[in-house]
Amino acid sequence: LIAGAPPVIEVDVDRTWWILESDEAIALLETDPKRGLDATQVELRRQRFGSNELEREPARSPWLIFGAQFANTMIVVLAVAGAITAALGEVKDAVVIAAIVVLNAAIGFVQEFRAERAMSALRDMTAPTARVVREGRQITVPAPELVPGDLVVLEAGDVVPADLRLLEAPNLRVNEAALTGESLPVDKQSGALAAGELVAERTNLAFKGTAVVYGRGRGVVVASGMATELGRIAALLGQQRSPATPLQRRLAVLGRRLAAAALVVCVVVFAAGVLRGEDVSLMFLTAVSLAVAAIPEALPAVVTISLALGAQRMASAHALIRRLPAVETLGSVTVICTDKTGTLTEAKMLVERIWTLAGELELTGSGFEPSGQVRAGDLPHLPEPETAAARLLTVAGLCNDAALIAPSDGGDWSVAGDPTEGALLAAAAKGGLDPENLRRTHSRIEELPFDSARRRMTTFHQAPGGELAACKGAVESVLDTVSTVAAPDGERPLVGVRDLVLGQADAYSQAGYRVLALAGRLIPASEPQDRAEQGLVLYGLAAMADPPRPAAQRAVEACRRAGITPVMITGDHPATAAAIARRLGVLDHEEVVTGATLVEEHARGLADHVERVAVYARTSPEQKLDIVQAWKSRGAIVAMTGDGVNDAPALLAADIGVAMGAVGTEVAKEASDLVLTDDDFATVVTAVGEGRRIYDNIRRFVRYTLTSNTGEIWVMLLGPFVGLPLPLLPVHILWINLVTDGLPGLALGVEKAEPDGMRRPPRPPAESIFARGMWQHVLGVGLLMGMIPLALGIWGSATDRPWQTMIFTSLAALQLGNALAVRSERHSIRSLGFATNRPLLATVVFTLALQLAVVYWPTAQGLLTTEALSALELGVVLVASTAVFWVVELEKAIRRRFRSRPGTEGPGG
Ligand code: ATP
């Protein structure tokens with residue numbers, strides 16, 4: 001302990017914090033109400049109270065993962081059978097079986113361990129953050145790092161990171177549905193309470209996991225982690241395992257059915273052998289080995305591994321997956337509803353034109369740098385203090401919460417805060433105003449903040465000779481507050497020039513500018529100071545450009561090619577929205593609908609023509625929910641982007657909720673499945689492509705494994721009928737299944753996206769993994785894979801050659817050919833490029849070498865009961881074993897020729 005460090009407080013989490021005054025709470029928690037805790041205190045408290053997290057399933061230890069590889073019924077039966085064999089004196093077989101099983105476990109372990117690590121890294125990346133005051137400075141930390149006594153700052157959109165006793169809560173409103181089920185927001189306050197039996201009554205506390213929907217606040221952490229109210233509920237419910245994904249569930253069901261079928265086959269093989277008079281224990285071991293080989297127990301695990309590793313890849317492409325099943329759903333997305341500002345555009349807005357009744361001004365200079373100029377178009381002078389333009393710029397500077405940031409090292413000027421306001425601030429600075437100075441000389445008395453329903457903001461300031469009202473916002477909204485318009489010769493009534501103003505605004509909007517109207521009024525000290533948004537003077541319009549993101553247009557094209565409909569939802573003006581949408585290719589012949597029409601349409605059933613609308617303008621966040629639901633009722637799989645608190649319901653309702661990582665609120669992130677760390681629309685499209693790739697990979701793996709297993713079964717089942725009573729020994733079966741089959745199967749997982757992965761329509765989400773001809777493929781190619789070794793075996797045994805080794809080697813080689821061909825469902829290996837999956841090529845070569853070693857290396861010959869093949873025998877075996885490769889390539893060629901609509905061929909369901 002550091003000398004002089006305050007003793008660790010014994011916070012009693014059961015304390016009735018709500019009946020205390022806030023300073024009493026602060027005192028009990030030994031926190032400085034201004035500076036917060038210092039580093040030493042934080043460290044000590046973290047040791048004492050632990051991490052501010054709800055307990056979750058502890059990560060599995062490597063040993064546990066390794067152990068789990070053996071927790072497989074058939075492996076256990078095999079081990080027992082092996083032990084019995086050993087006891088009967090066949091030690092060699094038992095050792096080989098054990099070695100193969102361990103090797104297989106090692107392969108499984110590596111995969112699962114990687115997947116587990118990927119998942120936990122992902123969890124850390126998506127951990128919520130909290131704003132906290134420590135050592136006098138406000139910093140952002142991961143929420144799990146909070147300790148009792150920390151001073152937390154809350155803003156609208158935050159998820160409350162721990163249980164807090166509120167110190168300040170002016171207009172703070174919190175939605176506590178997560179805790180109490182009450183969906184209406186609760187008004188919070190900071191005074192002491194007399195009673196607080198029920199959680200809902202404790203209005204001076206803010207609870208972990210609840211959402212700040214309005215206002216600001218500050219509070220001190222009184223309970224963290226499992227000691228919070230949310231923690232108590234979680235403890236009551238007990239730990240929940242993460243539920244299986246839909247695909248996992250489907251594959252588990254399928255696995256059980258196949259297992260039952262395989263068991264029947266094994267029983268037949270066993271019974272037939274015994275009836276023929278084979279050794280019972282050998283037949284038993286054979287049947288068990290066959291069961292191990294034929295039962296695809298690993299399928300659900302393969303899904304988890306593919307999804308987890310895929311999620312990890314996506315994270316490096318700026319797409320953080322918050323829920324694993326989302327990776328699966330991504331590939332079937334049919335509609336992407338996206339915000340405009342910041343997602344399709346860069347949100348680096350710049351005012352380019354200013355319009356007043358005196359004419360138009362053009363702003364020059366580079367970016368946000370305040371040294372630019374306001375160049376007069378048809379005006380004789382730069383804005384002079386008394387002109388409308390000068391007043392407009394004053395309003396722009398005052399009715400504004402953004403800040404201009406000077407470049408630190410030769411970079412560009414930037415803005416902090418709302419991009420719209422940043423643009424106006426830069427404009428004011430270019431017009432020669434010093435925003436800092438302006439704000440100092442006109443201190444703000446009151447404000448009516450911006451919200452996306454009102455679409456305007458008004459501030460009131462101290463000014464020489466009275467009070468100044470400064471108002472800015474969407475043109476139609478500001479005009480509601482205006483009675484006159486500033487003109488060179490004084491003021492004119494709005495009625496006379498309204499059409500002129502609207503016409504100009506429309507012209508700007510059509511050109512793709514975001515247009516804001518700016519108005520104000522000096523209320524002389526002699527007049528009664530009523531701070532209402534009325535009777536204002538319109539100074540003019542500011543037109544700002546918001547360039548589309550460079551990758552957006554290509555991403556929209558990619559969407560269309562992939563059969564996905566992009567839909568733009570924005571709060572901006574319909575003409576602006578349409579102009580940008582057209583530039584990006586979102587809008588072609590479809591309709592533009594405004595929020596107001598949406599309200600009417602909703603009554604008449606938006607669902608009926610939702611497919612015809614590409615752009616929704618002047619919408620409120622709540623309307624996003626209507627749009628999601630309308631699309632969903634048409635059977636669409638919808639991805640929806642969002643960033644604000646009000647977007648949460650739509651994000652939850654969408655099949656894939658997508659939150660903005662940079663500008664999004666915690667509430668939006670919590671409600672989403674995917675978080676974009678770069679806020680870029682193109683990233684959503686990339687993620688969809690990745691989702692499709694992952695699904696294709698899983699399908700490929702299933703196809704490969706089941707075909708191989710079927711081949712093994714055919715050999716064992718048909719062997720006796722063609723005079724080969726025991727075509728393969730148990731160790732051969734295990735070797736083929738676990739080694740020559742297992743390694744290439746792994747390498748298939750790193751296959752790149754198919755060239756047409758994003759050029760085909762989305763997969764119907766309910767489509768069976770066996771759709772599109774997979775069953776036929778598995779049975780047909782599996783049969784071929786069984787016939788070739790048997791044919792070789794017949795030839796071998798008739799000509800007195802080592803026929804069993806020939807069958808064994810042929811079956812192994814067939815797998816490798818299959819692995820190469822199965823890389824794509826329709827593209828030939830030539831068009832894919834032979835070496836484009838290097839790991840696969842390497843494993844194929846390596847596995848072939850292993851197989852040859854087993855055939856020619858004397859020690860291995862002894863262990864696996866093989867004999868060396870002559871050059872002729874080996875040559876014939878290898879050439880014949882390329883058959884599956886050729887046949888699958890041929891199948892693909894036929895598929896390409898008779899290209900039918902995907903999703904409609906083959907048995908579904
Ligand atoms: P998108 O939905 O594409 O992201 P957006 O989020 O920018 O667009 P809103 O923020 O809801 O849309 O803005 C709607 C309208 O409100 C804008 O077109 C503009 O006219 C006005 N507006 C935007 N920001 C402000 C602000 N800070 N102050 C006043 N008015 C604003």
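Let me start with one word: contact means that heavy atoms lie within 4.5 Å. Keep it in mind for Ile-336, which, leaving aside its neighbours within four places in sequence, is in contact with residues including Cys-559, Ile-564, Thr-565, Pro-566 and Val-567. The list for Ile-336 also takes in Ala-639, Phe-681, Val-684, Val-685 and Val-688.

Before going on, a word on where this comes from. This is a predicted model, in which local features need pLDDT of at least 70 and side-chain atom pairs count only at pLDDT 80 or more, while totals for chains, interfaces and linings use all residues. Residues are numbered from 1 along each chain as its sequence is written, and side-chain values use heavy atoms, with hydrogens and water left out.

Now the overall picture. The protein chain has 32 helices and 29 strands; these are DSSP runs numbered from the N terminus, with helices being H or I of at least four residues and strands being E of at least two. The C-alpha atoms fill a box of roughly 120 × 70 × 55 Å, taken along the principal axes. Of the 909 residues in the chain, 52% are buried. Buried means under 20% relative accessible area, exposed means over 50%, and partly exposed is in between, using a 1.4 Å probe and protein chains only. Of the contacts with a separation of 6 or more, 70% are between residues 24 or more positions apart.

Back to Ile-336, and to the core. A nonpolar core is a set of buried Ala, Val, Leu, Ile, Met, Phe, Trp, Tyr and Cys residues joined through side-chain atoms within 4.5 Å. The largest one here has 93 residues, and Ile-336 is among those with the most contacts inside it, along with Cys-337, Tyr-616, Trp-631, Ile-698 and Ile-769. Which helix gives the largest share of this core? That is α23, residues 681-718, with 12 residues. A second, separate core has 69 residues, including Val-715, Leu-729, Leu-820 and Leu-869. As a general point, nonpolar side chains tend to be buried together in soluble globular proteins.

Let's stay with α23. This helix has 38 residues and reaches 56 Å from its first C-alpha to its last, close to the 56 Å expected at 1.5 Å a residue. The expected span is 1.5 Å times one less than the number of residues. Is α23 largely enclosed or largely open? Since 34 of its 38 residues are buried, α23 is largely enclosed by the rest of the structure. At the start of α23, a side-chain oxygen of Asp-680 comes within 3.0 Å of the backbone nitrogen of Ala-682. That is a polar contact, meaning a pair of N or O atoms within 3.5 Å; within protein, one must be able to donate a hydrogen and the other to accept it, and residues adjacent in sequence count only if both atoms are side-chain atoms.

Next, please look at the ligand. How many residues surround the ligand? There are 18, and the closest are Thr-341, Asp-418, Glu-421, Arg-514 and Thr-570. To be counted, a residue needs a heavy atom within 4 Å. The protein covers 88% of the 610 Å² of accessible area that the ligand has on its own, with areas from the Shrake-Rupley method and a 1.4 Å probe; for residues, only the protein chains shown count as cover. Strand β19 gives the largest share of the shell, three residues.

Asn-400 is buried, at 2% relative accessible area, and its side chain reaches the backbone nitrogen of Ala-402 at 2.9 Å.

Most residues other than glycine have a negative phi. Asn-171, however, has a positive phi near 45°, in the loop between β4 and β5. His-318 has a positive phi of about 75° and lies between α10 and β10. Asn-171 counts as partly exposed at 49% relative accessibility, and His-318 counts as partly exposed at 38%.
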